Amino acid sequence: MSTPDIAMPPKATLGIFGGTFDPIHNGHLILARALRDTFVLPEVRLIPTGLPPHRPVPPVSPQQRFDWVKQALAGESGLTADDREVRRDGYCYTVDTLAELQQALPDTLLVWLIGADSFHHLTTWQRWTDLLEAGHMVIAARPGYDWTKLSEELTRVLQSREVPAQTDALGKGRISILPTPLMPFSATDLREKLARGEDINGLTPVAEAIRQSGLYLT
């Protein structure tokens, strides 16, 4: 496997973890902590999307999803909630969010997380080739993810850019695979349990707030 030359890590880094968080659950927190700890990042920002371009519009408002994310992160060292996409009009594209952050923090390397399923469809994303240069991409794969599903184009991208998941390998245009496995449940599973009236206390730190909202009962 061909890998880029390893250089000294940048002085300033910022972790970025975007998603619908519909709703936020413990698997999201495990990922955010793993991103923070694997690359020794001083901060990881969780950014709930407003209007997502690649999936149906969530029935729960962006502001409500953001409020739950903020509540879930209370007391979590180095994990913060960012509402920039909640406040944005129109579709929320990752490439625009990363560009906005980079403009505000020109000397900071953005270490941004993407799920393996999303990476599988990366070529359908807005200005996807620009995304490859927008920072250091970190791919989180569910247990047992089949990498042979990738297109030839994305296989070449991964092979030419992949570096070890460690701090001294960080750099723009590089890709790492997050070594920590995900919990074997999803936001879809959580919503289905809520609709059936099942207990979700062990799945999310904001279980009571979600239940009281009544938003996932049907």
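Student: Is Arg36 buried or exposed, by relative accessible area?

Tutor: This is a predicted model, in which local features need pLDDT of at least 70, side-chain atom pairs count only at pLDDT 80 or more, and totals for chains, interfaces and linings use all residues. Residues are numbered from 1 along each chain as its sequence is written, and side-chain values use heavy atoms, with hydrogens and water left out. Buried means under 20% relative accessible area, exposed over 50%, and partly exposed in between (1.4 Å probe, protein chains only). Arg36 has a relative accessible area of 14%, so Arg36 is buried.

Student: Which residue forms a salt bridge with Arg36?

Tutor: A salt bridge is a side-chain nitrogen of Lys or Arg within 4 Å of a carboxyl oxygen of Asp or Glu. For Arg36 the closest N and O atoms are 2.7 Å apart, and the partner is Asp37.

Student: How many residues apart in sequence are the parts that Asp22 and Arg191 tie together?

Tutor: Asp22 and Arg191 form a salt bridge, with 3.5 Å between the closest N and O atoms. Asp22 lies in the loop between strand 1 (13-19) and helix 1 (26-38), and Arg191 in helix 7 (residues 187-195), so the parts tied together are 169 residues apart.

Student: Is Glu198 partly exposed or buried?

Tutor: Glu198 forms a salt bridge with Arg196, the closest N and O atoms being 2.6 Å apart. Arg196 is exposed, at 53% relative accessible area. At 32% relative accessibility, Glu198 is partly exposed.

Student: How many salt bridges does the structure hold?

Tutor: Glu43, Arg45, Asp82, Arg84, Arg88 and Glu100 are linked in a network of salt bridges. For the structure, the count is 15.

How values were computed
Helices (H or I, at least four residues) and strands (E, at least two) are DSSP runs, numbered from the N terminus.
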